[in-house]
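This report is a first walk through one protein chain. Please look over the sequence and the model before reading on.

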Amino acid sequence: MGIRSNRAGIGVAAILGAVAISIGGVPAGATASTAPADGPDISTMGADGAARAALPGATRFATFNASLNRQTEGGLLADLSTPDDPQAAQIAEVLQRNRPDVVLLNEFDHVEGGAAVTAFQQNYLSVSQQGARPIEYPYSFIAPVNTGVPSGLDLNRDGEVGGPDDALGFGEFPGQYGMVVLSRHPIDLDGVRTFQNFRWQDMPGALLPDDVDTPEPADWYSPEALDLLPLSSKSHWDLPIRIGSEPVHFLVSHPTPPAFDGPEGRNRLRNHDEIRFWADYVTPGRGDYAYDDQGGRGGLADGAAFVIAGDQNADPMDGDGEPGAIARLLNTPTLIDPWPGSLGAIRAAWDQGGANREHRGLSWFDTADFNDESPGNLRVDYVLPSRQLIPVGSGVFWPIPESALSRLNSASDHHLVWVDVFGKRR
Ligand SMILES: [Ca+2]
Ligand SMILES: [Ca+2]
Ligand SMILES: [Ca+2]
Ligand SMILES: [Ca+2]
């Protein structure tokens, strides 16, 4: 039996009411003009699928694979330099409706110097989209990524050197599929650690791929390639966000999809180890091997608060990932999985059918709307707070078809995931 419109509407309100704490019962859109400039945006409350206003004192962390990547270098900056790119406007509206305080955007092409971020703020986020209140992010962070950087080697072993598959991370040009963090709270730039250059072979027990046609183990890549190849397909960043008296470390990345490879599984195994990096990093005694691009060593300090965020390209139950890749992270004792979900994802799985019908995981938790022949819709986008933080609400922005905001479901193949947290437990 399908979920139908009336029942679905009631279900959204009831379920959201159970997992998020509301500060009132104002229906969607009713009081947008009276919302105070710095107060909660109560126009986003209700059954439209958007996150409700966070409790005063809570911080909303989010991750969103925004698909703001373009086919050519300079393409994104060109699109963002005017206010009329329809997809960028939709992405901006998703942020305005859900109002994260700190958000990672995956798939935002890297432009040296930050011009694309500035243009996105000025021409999109600072402009009301479809009546939503503008949102200002005074702080942001970008850095170079490995995607599209030529390795000079034949990494995919097709007999030729060059092209996106031989880059340090898959990409047509340096910076394609980059990422940006936007924040309403200051980022402690002196404390930032980046792990763009950490080599895959320097991870103890790395799952280096094997050429199955030779007897030697783990020999898909030549020693020359392993001397060069970073673990991170984009980058891994540790950004201390100053919220109150103690920083919250925002740990962000975008592991490569566990697909588009052969029997050696080079992407599947790299995805596993890219995810594993954060699991080790936040586990006391496990991250000692890590070294950052700034010359520092070791994992996160014991007891430091953190939030891991990103499109991990791995579902706990379904899809093509290496078994256990994401489970290892979700089962890390120092963090909490708040299990965000949406009724829109249930509806999408029902309406789209195909591979979704064979999935073992509940579609409620899906965050990405992938091809329904394979792999189907998956849970791949995560916001995982550390145990010192108290999650008081969470959700996936995936409006049901009856919501006016469902027009935003096509802005990206992924959906924004948010978690509200209170500060440190005592
Ligand atoms: Ca090649
Ligand atoms: Ca071999
Ligand atoms: Ca789909
Ligand atoms: Ca699914």
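## Basis of the model

This is a predicted model, in which local features need pLDDT of at least 70 and side-chain atom pairs count only at pLDDT 80 or more, while totals for chains, interfaces and linings use all residues. Residues are numbered from 1 along each chain as its sequence is written, and chains are lettered from A and ligands numbered from 1 in the order in which they are written.

## Overall make-up

The protein has 8 helices and 11 strands. Helices (H or I, at least four residues) and strands (E, at least two) are DSSP runs, numbered from the N terminus. Of the 426 residues, 52% count as buried. A residue is buried if 20 or more other C-beta atoms lie within 10 Å of its own, exposed if 12 or fewer, and partly exposed in between, with C-beta atoms placed from the backbone.

Among contacts in the protein with a separation of 6 or more, 71% join residues 24 or more positions apart. Two residues are in contact if their C-beta atoms, placed from the backbone, lie within 7 Å.

## The nonpolar core

The largest nonpolar core has 99 residues, and Leu105, Phe250 and Val383 touch the most other members. Helix 4 (residues 115-125) gives the most to this core, with 6 residues. A nonpolar core is a set of buried Ala, Val, Leu, Ile, Met, Phe, Trp, Tyr and Cys residues joined through C-beta atoms within 7 Å.

Apart from neighbours within four places in sequence, Val383 is in contact with Phe61, Ala62, Thr63, Val307, Ala309, Val417, Trp418 and Val419.

One open sheet has 6 strands in the order 3-4-2-1-11-10, with mixed pairing. Its edge strands, strand 3 (139-141) and strand 10 (390-396), each pair on one side only. Neighbouring strands of this sheet are turned by 15° against each other on average, direction ignored; such axes are lines fitted to C-alpha atoms, for helices over the stretch in contact, and angles run from 0 to 180 degrees between N-to-C directions. Two strands pair if DSSP finds at least two bridges between them.

Strand 2 (residues 102-108) is largely enclosed by the rest of the structure, because 7 of its 7 residues are buried. Strand 1 (residues 59-68) runs parallel to strand 2 and is joined to it by 6 bridges, with Phe64 opposite Leu105. Strand 2 also pairs with strand 4 (residues 179-183), in the antiparallel sense over 5 bridges, and here Val102 stands opposite Ser183. Strand 10 and strand 11 (residues 417-422) run antiparallel and are joined by 6 bridges. Ile390 faces Phe422 across this pairing, and Ser394 stands opposite Val419.

Strand 5 is joined to strand 6 (residues 237-243) by 2 bridges, and the two run antiparallel. In this pair, Thr194 stands opposite Trp237.

## Helices

Helix 3 (residues 86-98) and helix 4 pack at an angle of about 80°, with their axes 10 Å apart. That makes helix 3 roughly perpendicular to helix 4, since angles under 35 degrees count as roughly parallel, over 145 as roughly antiparallel, 65 to 115 as roughly perpendicular and the rest as oblique. Helix 3 contributes Ala88, Ala89, Ala92 and Leu95 to the contact, and helix 4 contributes Phe120, Tyr124 and Leu125. These residues divide into 7 nonpolar, no polar and no charged. Ala, Val, Leu, Ile, Met, Phe, Trp, Tyr, Cys and Pro count as nonpolar, Asp, Glu, Lys and Arg as charged, and the others, Gly among them, as polar.

The buried residues are Leu343, Gly344, Ala345, Ile346, Arg347, Ala348 and Ala349. Just after helix 8, Gly353 takes a positive phi of about 60°.

## A loop residue

Ala368 is found in the loop between helix 8 (343-352) and strand 9 (381-385). Ala368 counts as buried because it has 23 C-beta neighbours inside 10 Å. Leaving aside neighbours within four places in sequence, its contacts are Asn377, Leu378, Val380, Asp381, Asp413 and His414. Ala368 and Asp381 are 13 residues apart in sequence and 7.6 Å apart in space, C-alpha to C-alpha.
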